[in-house]
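Q: Could we go through this structure feature by feature, with the general idea stated before each case?

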Amino acid sequence: MTRTLERADRFVDRHIGPDPAEVAQMLELLGYGSMEELIGDAVPSSIRCDALPGIGDGLTETGVLQRLRSVASGNRVFRSYIGMGYHATVTPPVILRNILEDPSWYTQYTPYQAEISQGRLEALLNFQTAVTDLTGLPIANASLLDEGTAASEAMAVFLAESGRTRHAFFVDQGCHPQTIELVRTRALPLDVDVRVGDPADTSFDSSFFGALFALPTTNGEVVDPAPAIRRIHEVGGLAGVVADLLSLTLITPPGELGADLAVGSTQRFGVPMGYGGPHAAYMAVTEALKRNLPGRIIGVSRDVHGNRALRMALQTREQHIRREKATSNICTAQVLLAVMASMYMVYHGPEGLRRIARRIHDLTRVLARGLQGLGHEVLTQHYFDTLRVRPVGTHASGTHASGILERARSAGINLRDFGDGTIGIALDETVEPEEVKDLLGVFSGSMGSGSAREIPDPRSLFREIEDRAGSEPNALPAALRRSSPFLEHPIFNRHHSETELLRYIHRLESRDLSLTTSMIPLGSCTMKLNATAEMIPLGWPEFSQMHPFAPVEQAAGYATIVRDLERWLAAITGLPAVSLQPNSGAQGEYAGLLVIRAYHQERGEGARRVCLIPSSAHGTNPASAVMAGMRVVVVKCDSSGSVDLDDLRAKADAHATELAALMITYPSTHGVFEEGVRKVCDIVHERGGQVYLDGANMNAQVGICRPGDYGADVCHINLHKTFAIPHGGGGPGMGPICVAEHLAPFLPRHPVIPVGGERGIGPVSAAPWGSASVLLISWAYIAMLGHDGLRRATEVAILNANYMARRLEDHFPVLYKGRGGRVAHEFILDLRPFRKSAGVTEEDVAKRLMDYGFHAPTIAFPVPGTIMVEPTESECLEELDRFCDALISIRKEIREIETGILDRSDNPLKNAPHTLASLLSDGWHHAYSRERAGFPALWTREYKCWPSVGRVDNAYGDRNLVCTCPPIDSYETTEGGVG
């Protein structure tokens with residue numbers, strides 16, 4: 001195409017930060033005349049590829065939205081009453097527009113830098129508070145991936161608490177089928193004996209370390225779990241409850257019933273179904289279990305000024321620290337969705353939530369009365385929102401049930417088919433009386449007597465119920481009707497108008513740094529542009545309102561997205577088979593290793609359980625290996641940061657008959673393309689092992705090299721890194737796996753919708769395609785860049801990193817470089833000498849960067865005492881220079897400490913970050929000026945994100961653990977007033 005015919009809205013020009021002139025300028029500084037020369041020095045020629053087969057030319061932003069409109073039309077959104085943990089819900093527009101669709105929220109990173117994360121930390125503290133109130137348990141985490149995953153994590157918590165001296169775990173047959181199967185998947189490699197049954201008929205003995213009960217059950221029955229909880233406690237086991245959180249506004253909470261733990265989903269708190277996700281799960285536990293609670297926990301601490309400050313608490317529990325000793329490999333959670341759910345609860349408050357729950361319950365009672373009036377048998381005696389119905393005249397063949405299901409589909413309604421002649425109906429907050437009448441009409445037309453009975457009027461039935469029962473929810477057992485209060489904290493009782501909630505949302509937002517403020521150069525995190533055009537389709541009802549278990553013929557649009565994305569990812573990785581089910585990178589690791597395990601077992605080599613992992617690996621790698629039933633053996637790295645081939649060979653030989661896999665990250669976590677990666681793969685393959693490639697650094701590979709070509713058998717891809725799904729402050733994420741042909745038969749299955757290989761492992765996510773709605777983002781990203789744009793994005797990511805490394809290397813040592821003195825897409829700066837020369841640590845540098853308006857790079861990983869910088873391709877030259885200038889300025893400040901100009905303990909780094917309130921206070925007792933503290937560079941006078949608290953005291957927060965909203969008067973002492 002000639003230059004004059006190119007569209008002005010080409011996405012590649014929008015996505016890639018540097019323009020051609022800036023690219024040329026950076027290349028010149030590095031001594032290159034072309035991009036090809038740089039890539040030739042940075043990437044080994046032995047692994048480079050020429051093209052990405054099957055990926056076409058890039059679409060414009062307008063073009064991709066038009067294409068997606070056409071794709072969306074293939075989805076037929078029926079009125080789904082399937083239930084099974086997924087319900088239609090009302091997303092308040094104020095939350096939709098100002099959180100889900102607001103880049104100030106969805107482009108934030110996990111709140112490791114607490115001083116510039118106080119907004120989302122408060123929103124997550126609200127989430128935890130609501131969960132603890134509703135479950136009656138004292139400590140909750142800040143979200144998990146989905147309900148099924150949370151249930152499997154509950155089993156792991158109980159197993160860890162038991163000391164692994166027992167082997168049996170009970171699961172209530174009333175749990176949803178996907179939940180049961182996820183627990184089985186998790187249990188298999190841990191040699192846990194999962195026993196599924198009716199709690200009332202099960203005798204517990206000393207072999208049981210725990211049990212999981214359903215409240216309500218998948219059939220809708222509300223059964224008191226307290227007797228079974230007492231029985232499992234009597235034999236020394238622990239008890240968990242999978243609870244519908246909305247139902248707990250009316251039902252006695254698990255904590256009051258004696259449970260040690262509760263899990264479930266918060267999807268119905270304003271988060272669209274999205275064909276399976278993303279949604280925030282929850283877990284709440286007793287005090288005794290807090291050290292094994294997986295996921296992030298937000299705690300209340302104080303800052304250096306004595307003000308209330310929030311932070312992530314008990315981080316030494318996490319896989320980053322404990323590695324193979326961690327209970328869970330959880331890294332990414334569902335923060336953005338937890339924030340939405342928390343704001344939904346803030347908006348409605350306790351009375352609003354109770355009103356929603358009571359309305360659903362009363363409409364369910366109306367439906368039950370109407371069905372009984374038509375002669376059908378309602379099998380659910382006590383219920384909240386779900387009924388299981390045996391249509392009148394139904395035989396074992398299910399003849400009449402089939403007719404009702406077909407009639408429902410003809411009316412645009414999905415019901416649950418239990419497969420035994422019974423039908424499930426689950427109501428939700430969006431249901432109107434007229435829709436109850438439609439349901440009764442569907443059942444009325446199935447009487448088989450030649451004429452339909454008269455359909456009862458739901459409104460008159462509703463009035464009759466109100467007259468007879470007053471305000472009591474009398475379809476619930478009397479012993480299980482909630483009497484305890486909840487959500488009494490003022491935060492849930494003051495923001496019920498849109499004006500107030502809008503202001504509250506934006507007040508929190510103003511305390512956080514996101515990509516709307518400045519670059520976030522976190523190494524190994526790839527904080528690139530999340531383009532608006534990629535995000536828009538998430539709100540379209542054709543995608544957002546699809547139930548994950550709707551008949552597949554209704555989801556042709558989603559099938560197109562899945563088919564295209566699988567094909568594109570296969571082309572990008574060189575690995576032909578793909579599963580989109582894992583809904584985080586850590587889950588991708590877990591799934592990939594389970595696939596390798598199943599492959600070895602199929603070949604009669606089940607003894608292969610050793611996983612070799614380089615010492616530089618991310619903490620999720622060893623944690624995932626242990627979860628997959630493997631034993632971790634650590635491989636050394638050499639002085640250049642690469643895998644030590646001699647040590648690898650020696651350990652592969654020592655474990656040759658039991659070698660299952662090697663986990664390797666490429667480019668390495670040290671930020672270089674290792675020359676010997678093919679040899680690494682050969683060493684493992686020659687001894688019968690498989691190569692698992694951690695795709696965290698795929699942003700340096702797309703269009704340039706393919707893991708399958710240089711020896712990987714499995715690769716997971718972080719769609720929330722390389723393929724533009726936003727990080728959301730700590731989730732959502734997606735971690736699909738791509739595998740070689742011989743591993744395709746073992747890809748994960750699902751118990752409800754047929755997916756995966758014919759000999760596939762069990763499910764690793766609750767929904768067949770994980771968090772399916774966010775796949776749209778990566779689909780749009782690839783479609784808009786096309787094959788040329790994908791390669792160009794990779795090239796510019798490598799260029800930006802090398803440019804910054806060159807600008808900074810005269811001030812900070814660049815710890816590792818590859819062939820030709822080049823880095824990959826990220827690089828490590830060594831700050832360790834400054835601890836001795838100036839008493840300055842990497843944390844001091846990270847906090848001082850906040851004063852310059854920046855989020856710090858990754859600190860202390862993979863090498864303690866360092867920072868790892870990853871600029872991505874989305875940042876322009878001006879922003880790269882601004883960040884480099886900030887670091888160079890900080891180096892000058894360190895030099896002033898080294899020479900005695902600045903005091904070693906009272907200086908801008910040790911006291912960073914500086915809040916606006918501290919600059920304006922009457923007392924300023926530092927030898928350096930207020931101006932230097934708060935306005936260290938010219939651009940900070942124009943705009944920057946101000947930290948809302950001073951440096952947070954982490955140790956105090958862990959010693960005095962508070963994980964729920966503190967009393968309202970404590971808010972009044974914080975800078976900025978009451979939150």
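A: A crossing is called left-handed if the near helix is turned anticlockwise from the far one by less than a right angle, and right-handed if clockwise. The model is predicted, with local features needing pLDDT of at least 70 and side-chain atom pairs counting only at pLDDT 80 or more, while totals for chains, interfaces and linings use all residues. Residues are numbered from 1 along each chain as its sequence is written, and side-chain values use heavy atoms, with hydrogens and water left out.

Q: At what angle do helix H20 and helix H21 pack, and how far apart are their axes?

A: Helices (H or I, at least four residues) and strands (E, at least two) are DSSP runs, numbered from the N terminus; axes are lines fitted to C-alpha atoms, for helices over the stretch in contact, and angles run from 0 to 180 degrees between N-to-C directions. Helix H20 (residues 585-602) and helix H21 (residues 620-627) pack at about 45°, with axes 9 Å apart. Angles under 35 degrees count as roughly parallel, over 145 as roughly antiparallel, 65 to 115 as roughly perpendicular and the rest as oblique, so H20 is oblique to H21. The crossing of H20 and H21 is right-handed.

Q: Which residues of H20 and H21 meet?

A: Contact means heavy atoms within 4.5 Å. From H20, Ala586, Glu589, Tyr590 and Leu593 meet Thr620, Asn621, Ser624, Ala625 and Met627 of H21. For classes, Ala, Val, Leu, Ile, Met, Phe, Trp, Tyr, Cys and Pro count as nonpolar, Asp, Glu, Lys and Arg as charged, and the others, Gly among them, as polar; the contact of H20 with H21 divides into 5 nonpolar, 3 polar and 1 charged.

Q: How is the packing of H5 and H16 to be read?

A: Helix H5 (residues 93-100) and helix H16 (residues 498-509) pack at about 15°, with their axes 10 Å apart, which makes H5 roughly parallel to H16. H5 passes H16 in a right-handed crossing. Val94, Ile95, Asn98 and Ile99 of H5 make the contact with Glu498, Leu501, Leu502, Ile505, His506 and Glu509 of H16, and by class the contact of H5 with H16 has 6 nonpolar, 2 polar and 2 charged residues.

Q: Is Ala88 buried or exposed, and what does Ala88 touch?

A: Buried means under 20% relative accessible area, exposed over 50%, and partly exposed in between (1.4 Å probe, protein chains only). Ala88, in the loop between strand E1 (79-80) and H5, has a relative accessible area of 18% and is therefore buried. Not counting residues up to four places away in sequence, Ala88 touches Arg79, Met273, Asp428, Glu429 and Thr430. By contrast, Ala607, in the loop between H20 and strand E17 (610-614), counts as exposed at 58% relative accessibility.

Q: Which residues touch the most other members of the largest nonpolar core?

A: In soluble globular proteins, nonpolar side chains tend to be buried together. A nonpolar core is a set of buried Ala, Val, Leu, Ile, Met, Phe, Trp, Tyr and Cys residues joined through side-chain atoms within 4.5 Å. Of the 257 residues in the largest nonpolar core, Met343, Leu415, Ile425, Phe443, Leu569, Ile782 and Phe827 touch the most other members. Helix H12 (residues 335-373) supplies the largest share of this core, 21 residues. Apart from this core lies another, of 35 residues, including Ala154, Val171, Val263 and Ile297.
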